[in-house]
Amino acid sequence: MALLFEHSYEQLPKVCDQHLGWQLLKPLSSGDEYRLQRLRVPVNDEQCHFDDLVQDLQTILIESINVKPLKRPLPAAEKADLKCKGSIEILKEVLNFHSVEDADHRVSFLQKLQALRSEGSSHRKGRGYQKIANYFGVDSLGHREAFAEILKQALDTVDFLISVVRSGKLGEKNEGSS
């Protein structure tokens with residue numbers, strides 16, 4: 001699964017160059033490239049490995065959203081409304097602006113992945129963590145299998161983004177806005 005994810009992740013910049021002329025996800029810095037290289041289904045069921053991998057995936061998919069060019073086609077008023085929003089919310093608004101079908105499912109996954117990282121590896125694990133961990137099946141599947149499922153959803157999300165970019169729907173819809 002990790003190799004499939006890595007392959008799709010490496011295809012996304014090529015597709016973006018070809019169809020957009022800018023990157024939907026910013027390239028990982030040299031200090032973060034290890035995150036993609038170590039992204040694998042863990043060999044054991046330890047919490048610390050699971051937390052690290054969730055953090056890696058969050059950095060790769062969420063922290064890397066290239067917000068500035070993504071917002072470019074939006075009308076000025078909508079851009080102003082997004083000033084205090086996070087990258088996932090901006091992605092959601094842009095996909096909705098472009099009438100991209102089935103975006104809510106992928107955005108929801110990114111929001112839940114962000115919550116899992118925020119409630120898990122960034123803070124003490126309390127009720128919020130338990131709730132989001134239950135959503136991902138951590139208790140029922142174990143950390144190893146739960147991360148395998150998360151990685152499948154991440155692959156689906158990257159493949160979805162590739163499809164959206166290829167469709168031309170993220171092109172300049174409102175050329176006159178700045």
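## Cysteines, salt bridges and helix packing

A search of the whole structure, which is a predicted model, finds zero disulfides. Salt bridges, by contrast, number eight.

**Cysteines**

- A disulfide is a covalent bond between the sulfur atoms of two cysteines.
- Cysteine 16 has a relative accessible area of 0% and is buried.
- Cysteine 48 is partly exposed, at 42% relative accessibility.

**Salt bridges**

- Side chains of opposite charge can pair when their charged atoms come close.
- Aspartate 102 and arginine 106 are joined by a salt bridge between their side chains, with an N to O distance of 2.5 Å.
- Within this pair, aspartate 102 is partly exposed at a relative accessible area of 48%, whereas arginine 106 is buried at 11% relative accessibility.
- Arginine 144 and glutamate 145 form another salt bridge, in which the closest N and O atoms lie 3.2 Å apart.
- Glutamate 145 is partly exposed at 38% relative accessibility, and arginine 144 is partly exposed at 34%.
- Glutamate 149 is the salt-bridge partner of lysine 152, and their closest N and O atoms are 3.2 Å apart.
- Lysine 152 and glutamate 149 are three residues apart in helix H9 (residues 138–167), so about one helical turn separates them.
- Lysine 152 has a relative accessibility of 40% and counts as partly exposed; glutamate 149, with a relative accessible area of 32%, is partly exposed as well.
- Elsewhere, Asp32, Arg35, Arg38 and Asp56 belong to one network, joined by salt bridges that share partners.

**Helices H8 and H9**

- Two packed helices are described by the angle between their axes and the distance between the axes.
- The axis of helix H8 (residues 127–135) comes within 9 Å of the axis of H9, and the two cross at roughly 80 degrees.
- H8 is therefore roughly perpendicular to H9.
- On the H8 side, the contact involves Tyr129, Gln130, Ala133 and Asn134; on the H9 side, it involves Val138, Asp139 and His143.
- Sorted by class, the residues in this contact of H8 with H9 are three nonpolar, three polar and one charged.

**Helix H6**

- Helix H6 covers residues 87–97, and its buried residues are Ser87, Ile88, Ile90, Leu91, Val94, Leu95 and Phe97.
- These buried residues of H6 pack against helix H4 (67–71), helix H5 (76–81), helix H7 (103–119) and H9.
- Serine 99 follows H6 and has a positive phi, near 55 degrees.

**Serine 8 in helix H1**

- Helix H1 (residues 2–19) contains serine 8.
- Serine 8 counts as buried because its relative accessibility is 8%, which falls under the 20% cut-off.
- When neighbours within four places in sequence are left aside, the contacts of serine 8 are Leu155, Val158, Asp159 and Ile162.

Conventions: Residues are numbered from 1 along each chain as its sequence is written. This is a predicted model: local features need pLDDT of at least 70, side-chain atom pairs count only at pLDDT 80 or more; totals for chains, interfaces and linings use all residues. Side-chain values use heavy atoms; hydrogens and water are left out. A salt bridge is a side-chain nitrogen of Lys or Arg within 4 Å of a carboxyl oxygen of Asp or Glu. Buried means under 20% relative accessible area, exposed over 50%, partly exposed in between (1.4 Å probe, protein chains only). Helices (H or I, at least four residues) and strands (E, at least two) are DSSP runs, numbered from the N terminus. Axes are lines fitted to C-alpha atoms, for helices over the stretch in contact, and angles run from 0 to 180 degrees between N-to-C directions. Angles under 35 degrees count as roughly parallel, over 145 as roughly antiparallel, 65 to 115 as roughly perpendicular and the rest as oblique. Contact means heavy atoms within 4.5 Å. Ala, Val, Leu, Ile, Met, Phe, Trp, Tyr, Cys and Pro count as nonpolar, Asp, Glu, Lys and Arg as charged, and the others, Gly among them, as polar. A disulfide is a pair of cysteine sulfur atoms within 2.5 Å.
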